[in-house]
Amino acid sequence: CFGGYGSGRFFPSSIKTLSDTSKTLNVLYAHLLRCRKCPVEVKEKLTEHKKTHDSERQKMRFGSQKEFFSLVWKRLHGSLPP
């Protein structure tokens, strides 16, 4: 975690990186499952949600993921990048 190897890598510097799940969600998921500081209940919930994630995503309309990450970015930074 903070101060250790790779610390800070979970906070993307661009919306493109934020919306690339192979660089954000998958990395964060793998870290949390290995992390000794993460409560067991959280790990169990993450594993449970991961099982249904792909089928839920298939039901969403095209562009929903980009729209979601744009809203997250705007909430974190106050505006969308240029």
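Predicted model: local features only at pLDDT ≥ 70, side-chain atom pairs only at ≥ 80, totals over all residues.
**Notebook: cysteines, fold and pocket**

Next I looked up the neighbouring cysteine. C35 is buried too, and its relative accessible area is 9%. How many disulfides does the structure hold? I found 0. For my own check, a disulfide needs the two sulfur atoms within 2.5 Å.

Then I turned to the fold. The protein chain has 4 helices and 0 strands, and I read its pattern along the sequence as α-α-α-α. I wrote down that 17% of its 82 residues count as buried. I also looked at contacts between residues at least 6 apart in sequence: 41% of them join residues at least 24 apart. For the accessible surface I have about 7000 Å², with 58% belonging to carbon and sulfur atoms.

The largest pocket has a volume of about 410 Å³. Its lining counts 14 residues, and those closest to the centre are L25, Y29, H49, K50 and H53. Which helix gives the largest share of the lining? Helix 3 does, with 8 residues. Helix 2 (25-34) and helix 3 (40-58) each supply at least two lining residues.

Key: Residues numbered from 1 in each chain as written. Heavy atoms only, no water. 1 Å grid on protein atoms, 1.4 Å probe; cavity = no way out; pocket = protein on both sides within 12 Å on 5 of 7 lines; lining within 4 Å. Points joined across faces, edges and corners; volume = space filled by probe spheres on them. Buried < 20%, exposed > 50% of the residue type's maximum accessible area, 1.4 Å probe, protein only. Contact = heavy atoms within 4.5 Å. Areas by Shrake-Rupley, 256 points an atom, 1.4 Å probe, with all protein chains shown as cover.
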